Amino acid sequence: MGSYLKNRHMIVVITFIILMCLLGGRLFYLTVIQHKSWSDAADNLSTKTVYTSAARGEIFDRYGRLIAGNKQLFAVNMIAADTDEKNLNDVALKLMDLLEKNGDTITDEFPIIINEDGSFSYTYDNDMKSWLKSQDMSTDLTAKQAFKELREREGIDKSLSNYDAQKELQNTYSIFPPISVKNMKYTSQLELEKFLEGFQLDTDLSAKKAFNKLRKKYDIDSSLSDADARKILIVRNALKNLGYQSYMPAEIASSASQQTVIELQENASKYPGVQVERKSVRYYPNGSTASHVIGYLGSISESEKAEYVKKGYSSTDLIGKEGIESYYESVLKGKPGSKTIEVNAEGQQVSEISSTEPKPGKNVTLSIDLNLQEVAEKSLEKAIKGIQRGGSFQSKYGSFGFSHAYPNCNAGAAVAVDVKTGQVLALASYPGYDPNLFAEGISSEDWDSLQSTNPRDPLSARPLYDIATMTSVQPGSTFKPITCLSALNAGFSPNTYLTCAGYVKLGSRTFGCWIWNEYHGSHGGLNMRTALEVSCNYFMYDLGSGRNLASGSKLNVDHDISNVMDYAKKLGMNEKTGLEISETIAGVPSEESKNKNIKSQLSYYLKVNASKLFESDIADNKNKLEKNISTITSWVDSDNNTMTRNVVKDQLKDLGVKNDSLDELTDKIRSDYVGQGKWTTGDKLNLSIGQGENAYTPAQMARYVATVANGGTLYDLTLTKEVEGRQISENKGVTVENSNSDAWKVIQQGMHLVAQGSNGTAKKVFGGFPYSVGAKTGTAQKSGKINTPDEVEYIKQHLSGIAPGLTFDQVQTEMKRLMKEDPKTYSSEAIAVRRAVMNLSDAKSDDIDKYKRSYSNFAWFIVFGPTDDPQIAVSVLLFQGGAGAYAGPVAREIIGQYLDLQKQYASGNYDLVGNALEDSSAGGNAAAASGGDDPAV
């Protein structure tokens, strides 16, 4: 048995040896003897992978009309793995020359540019300097210095963290500093550091040194010009951005001409690694319509590249940057297809090995009605231009005359909401922009054209800025229904009559009803409905203060401004509306926020004027100055009975205030700051009529009006109806309780009187209007002067009137001294030139500004209808529109258009889009095909 096993083992060993010899012999034959023939075959045949971009999902309006689609272009890509490294520079330069010759759109993301004078600079630095200039700041400020300047300029509370301060700058002042508060660096600086680190270069290298090191790194021929070297580096940078996915194609040109495609196909062997790909590019068939809803596409930033490449994006892909394009990026983005092919030495396809089809992104159907959106946008433009020249607004609903011109009116917004669902039917902001500019990457010239014409004026027109969701301003009298709802909830009877005495006198200040301010009249006895009809301030003063101010007695209910602010919160005024696009809100005012703001304003005033107000040993000592300012700002929490004039003056003297500044500063602090940390009676009166610290967006206003119209259900607003045919889940809303079961009806009735009552403030807007509606006008005061784009030039032009006898040479000398000796305080020429004038003359701030134009009032208008079964609510805001009624024609056009279509649809002779049907029996089918869930009148 043992012998048998031994023999079997020997047989296995011998067999294995024979097989290994045969295998080795065959391997020797193939690799040595037949090496040349197999090498030639390999040279003549190779595999390549061709990638096909996926179409982005399309965006439609609620009735299926295209808002964002795609068009086909040819892109030129390059794959590093398919190009010999030693020939890559030659291929890259040859390719770039070809693209340049044919005028193709090159994807240039290399951030070192060669200026006209031959110098080098980083695009990141240029972006940062451009922003600083737009803020009238010195271009050599660090991010920390610039952020500090913004905080002080706007009086941001010192106790707030940098993160909270940035939120306040955005929400309250509409300033979006490109600064990372986490590490206090410019975002462009962080982008630059990431770029340099990606090439293992020191992050403090100048643009020229970095360029030369990259030339050396990639062994670019020294005989080539810098311009040619940069062409190569554009390609090198695109390939490098792929990271570990070097097998993926890098886009070199986003749109190639037919001539380029032909030349590349005919000379494929001269361009190894270069591919032509058919790609889908975003296309917006309606131009600027709904631009702030849709948003736009943009390049993936340096800091985002690693994240997006991991997700399967190419580093040159465009992604949604704002609006719906951004919110639904993961939904709209498709999955690229690929095809693996064999090609011969001439670059011609021999066979296809495998392929996967691209998967287009999912489609999104919005809630907006494209026709209604167009009406909103055109009406905004029409009204604004009419107000600027004092013309009229003509439409089928009647003529409305703008009897007084307001030439500063240049921007506005409108929001229309389905009151039963919270779906947004239209959201318009004027001026808008054409998102097609971004579809293939926007040029610097086009980008500049979309910026503010006057960055120093926060109300100047900014096409990219969505006023409807990003701008919070005082709502004026459109807030009065909230004051009334709060009082009803507290038990106040809507039938109670209060007397409007015209005005309220508080110390030296007069708080007048508008009828007193304009005509020295009064409204006399009013109940809640008629008070809304005539927009009586005095009636709201009573409700906000909790007193019958005409008689001096208390109201018969426990109610004051704190109740009003609480009820405003219930109506969503302290929160975002739920929209899918960017929103910034200011929130409902509180005593705490007022206290912080007052202290910040006083601190800023003392700090900016420190050298003029304080003795040098205090002004020049940062710690002492901060301590003394902190002591002075604490007086905000006191009162004038405690802080008498003598007490304030003595303490200021002890705190190092100069003798020649004592009297003026004492009076200023007592009149403007002492005791102002809490709500005063004056605050309560202002807040009750939508003034003071009240500030809300048009979207918030539309949401609250919709809640009034539907009888107390607060819906989150939404712009989405369906995603890939699947309806968004039903928005159930939240019930806003009111102890008075008739409260909503009372406010609806009062607002109906506003629009169509005999004394209504909007009766001229809706005279002859075919539908019964409820409305409210609002004229919100905007104080202050409009800053000019260049403060230095302004003062130079008007110096003789501001400070007679003072020369501009003297001002310039003093300005330079200030900026040199105290660069932190005088970080911009605008600040320094004003201080220089005041140091050299008796001119005050008001004297300097006296030649500037004053701001005009905001115009607000809210409306819902029809009153018997409300369907739609609309809010309109016009910057510097002058008077609330001036915004009325815009709201009238929107609600009229909507109700007209609903009426036509109800007749059975039209579909929901307004197209006539062949016969009435087709109505039901047409509605079903178009999304017939919309209610009919």
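1. Met10 lies in helix H1, which covers residues 2-33. The model is a predicted one. Met10 has a relative accessible area of 43%, and it is therefore classed as partly exposed, the class between the 20% and 50% cut-offs.

2. A second residue for attention is Gly524, located in strand E23 (residues 524-526). Its relative accessible area is 21%, so Gly524 is partly exposed; the limit for a buried residue is under 20%.

3. Which residues does Gly524 touch, leaving aside those up to four places away in sequence? They are Leu498, Thr499 and Cys500.

4. The final point concerns a helix pair. Two packed helices are described by the angle and the distance between their axes. For helix H32 (residues 791-802) and helix H33 (residues 808-821), the axes come within 10 Å and the crossing angle is roughly 145°. Helix H32 contributes Val792, Lys796 and Leu799 to the contact, while helix H33 contributes Phe808, Val811 and Met815. Sorted by class, the contact of H32 with H33 comprises five nonpolar residues and one charged residue, with no polar residue.

Methods:
Residues are numbered from 1 along each chain as its sequence is written. This is a predicted model: local features need pLDDT of at least 70, side-chain atom pairs count only at pLDDT 80 or more; totals for chains, interfaces and linings use all residues. Side-chain values use heavy atoms; hydrogens and water are left out. Axes are lines fitted to C-alpha atoms, for helices over the stretch in contact, and angles run from 0 to 180 degrees between N-to-C directions. Helices (H or I, at least four residues) and strands (E, at least two) are DSSP runs, numbered from the N terminus. Contact means heavy atoms within 4.5 Å. Ala, Val, Leu, Ile, Met, Phe, Trp, Tyr, Cys and Pro count as nonpolar, Asp, Glu, Lys and Arg as charged, and the others, Gly among them, as polar. Buried means under 20% relative accessible area, exposed over 50%, partly exposed in between (1.4 Å probe, protein chains only).
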